[in-house]
Amino acid sequence: MDYYNTPISRRREKIDCCIKQSLEKARAAGDIDFANLPAYVVETPREASHGDFASNVALLLSKEARQNPRALAKSIADHFDLAACDVASISIAGPGFINFHMAQGWQTSLLAEMLSYGEKYGTSDAGAGIKVQVEFVSANPTGELHMGNARGAAIGDSLASLLEMAGFDCAREYYINDAGNQIEKFGVSLEVLYLQALGQDIPFPEDGYHGADLPLLIKELVEEIGNEYQKLQPQLRQKKLIDYALKRKLNDIRMALADFGVVYDCWFSEQSLHDSGAIQNVIDELQNNGWLLKEEGALWMDCQRFGEEKPEVLVRGNGLPTYYAADIAYHKNKYMRGFATVIDVWGADHHGHVARMQGAMEALGYKREQLEVILMQFVRLIQNGELLKMSKRTGTYITLNELVEEVGRDAARFIFVMRSADSLIDFDLDLAKEQTLKNPVYYVQYAYARFCSIITSAAAIGLTLPTKPLISQQLQLLGHQSELALIRRLADFPDEVIMAALQREPHRIAAYVQEIAALFHNFYDKCRMLTSDHDLSLARLSLALVAATVIKNGLTALGVKAPSKM
RNA sequence: GCCCUCGUAGCUCAGGGGAUAGAGCAACCGCCUCCUAAGCGGUAGGCCGCGCGUUCGAAUCGCGCCGAGGGCGCCA
């Protein structure tokens, strides 16, 4: 199992080390005989009465050692060096779990360690500075961002933040689909709208872009330049209209995402891959390495060689590369920029694209695992109790801007990031608006606001937190069950962040931060912080400070603000 | 037809080999002369979709059904 340089992980590793030593001693004494050690764990039991740490080593070793698990556990316990890892006692429970009970006051040393991290508490070096990239949203710049994009933004941005906290060098990227078929259609739609705006009676194409934003955009253009484009050749006219509209739409998208708390490191243009020859180069490379088939006038990627059902077109009969070809060139470009791992956040409708992209990466000599894809299930919108079919083409959808305006950024981001990407969300807009105050995000934010309020009250009576961490004697004044429970869970923060980052599951942090808020509220209720005992007050304020830091850093990673007042 | 995801409390969802399955909302009962009651405590609520396997141990892993969503285009 993996250990990290965090307060809890260090202790688990120590216990693990002692277990291994104990096994060796037991073997030397002839109590246990085994060849291979199975992959056991040292973990925190769910039930507090089962100790501070527990291991299933005896259960898993039972078969290999041909001994009853409880007997094995007893041998391990008998040879265990308690003092070496601050364990007070060991008990054997259930079918053969070994439960470790830490020495009295060990929470105090945990809290002292947490305090020493200051505002940085929660960060770690688990990622060792490895370069990774998260690409998300990447919606076509032909319309406005909708609920699905909002979900992708919340998940992608939060994941990137967590990767950074866990010590990865993470970049956020948006892929701009500013080339290909849909842009041509976009141009035709714009042209018709433009000419219509000038009074011409031409029908709007059936497969055009029906978004309500486009007529407005064209109206503004007409006000700016009048009929200047009317006399141009259609080809050039469309190009000029596309250039104008793309620039405007991209700017809208950038601002909408910024309002949602998302800022990218890089906006990558698909067109640039066409212009630089990168797409042609990658096609040539695949051709030279024998990956392409020529059939029916098109060039096909031989996907069957990496287990897919059928080949996939890379270059159409008309000589134009497909999106697949561009995407292969794009991802090769990512690796050439030094990203060890690339994580793409896609809608579930792109599921069919995953395996053939990973296969293509393999064909280019990269490892399949270097391209990870988070597939998000859909967001269905419910309004007036009815399912709204979202469609960009027909223009019926709720935009990201409307979502932020009506539900609020914090609540919206929390709702999205609370749920795993795998779950289908039915987003009831009326309910989200009504229940704004019941959203769990406010419960968490309130805990933070309460802390800030106490700091203010404390200052008013001359109590301020010392800049230097408290001495352990003061911290040892903490002993109430609500204090110890809070300390113990706060200690998990860096490991929770690492797990969320490595598993690509930001929703874990949303759940964790709610748990911390609950423990904090409970502590707040049970223990007064401003007491007549100066040292006790400082100890409790220190604990509250760590809780507030965890809530703030957790919320910040999720793109949610931690307000000092509510 | 084949492939992917999901099915857990009345509702929305966590938990993805481990010990007595959790939270929020909704329901019911308590708690402010005291740091923010947007809070705390308690009660009630469950064949973890169904069946068969693997395992010392399955809500969790495998297979098969049933149900929901998505994908199988010279679209992106």
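Modeller: Happy to, and we can start with the ground rules and then take your questions. This is a predicted model, where local features need pLDDT of at least 70, side-chain atom pairs count only at pLDDT 80 or more, and totals for chains, interfaces and linings use all residues. Residues are numbered from 1 along each chain as its sequence is written, while chains are lettered from A and ligands numbered from 1 in the order in which they are written.

Colleague: Thanks! How many helices and strands are there in chain A?

Modeller: Chain A has 21 helices and 15 strands. Both are DSSP runs numbered from the N terminus, with helices being H or I of at least four residues and strands E of at least two. The C-alpha trace of chain A spans about 90 × 65 × 45 Å along its principal axes.

Colleague: And what about domains in chain A?

Modeller: Chain A is divided into domain 1 (7-104), domain 2 (181-259) and domain 3 (439-557). Those bounds come from an automatic or database domain assignment. The C-alpha centres of domain 2 and domain 3 are 53 Å apart.

Colleague: Tell me more about α16. How far does it reach?

Modeller: α16 has 21 residues and reaches 31 Å from its first C-alpha to its last, close to the 30 Å expected at 1.5 Å a residue. The expected span is 1.5 Å times one less than the number of residues.

Colleague: Which of its residues are buried?

Modeller: In α16, Val-441, Val-444, Gln-445, Ala-447, Tyr-448 and Phe-451 are buried. Looking down the axis of α16, these buried residues fall within an arc of 145 degrees, so they line one face of the helix. The arc is that of the directions from the helix axis to the C-beta atoms. "Buried" needs 20 or more other C-beta atoms within 10 Å of the residue's own, "exposed" 12 or fewer, and "partly exposed" is in between, with C-beta atoms placed from the backbone.

Colleague: What do the buried ones pack against, and what is on the other side?

Modeller: The buried residues of α16 pack against α14 (409-418), α20 and α21 (534-557). On the other side of α16, Thr-456, Ser-457 and Ala-460 are exposed. Just after α16, Gly-462 has a positive phi of about 85 degrees.

Colleague: Switching topic, where does Ser-138 lie?

Modeller: Ser-138 is in the loop between β5 (131-135) and α5 (147-165). Its phi is near 40 degrees, a positive value in a residue other than glycine.

Colleague: Is Ser-138 buried or exposed?

Modeller: Ser-138 is buried, with 20 other C-beta atoms within 10 Å.

Colleague: And what about Arg-504?

Modeller: Arg-504 also has a positive phi, near 60 degrees, and is found in the loop between α19 (493-502) and α20. With 17 C-beta neighbours inside 10 Å, Arg-504 counts as partly exposed.

Terms used:
Two residues are in contact if their C-beta atoms, placed from the backbone, lie within 7 Å.
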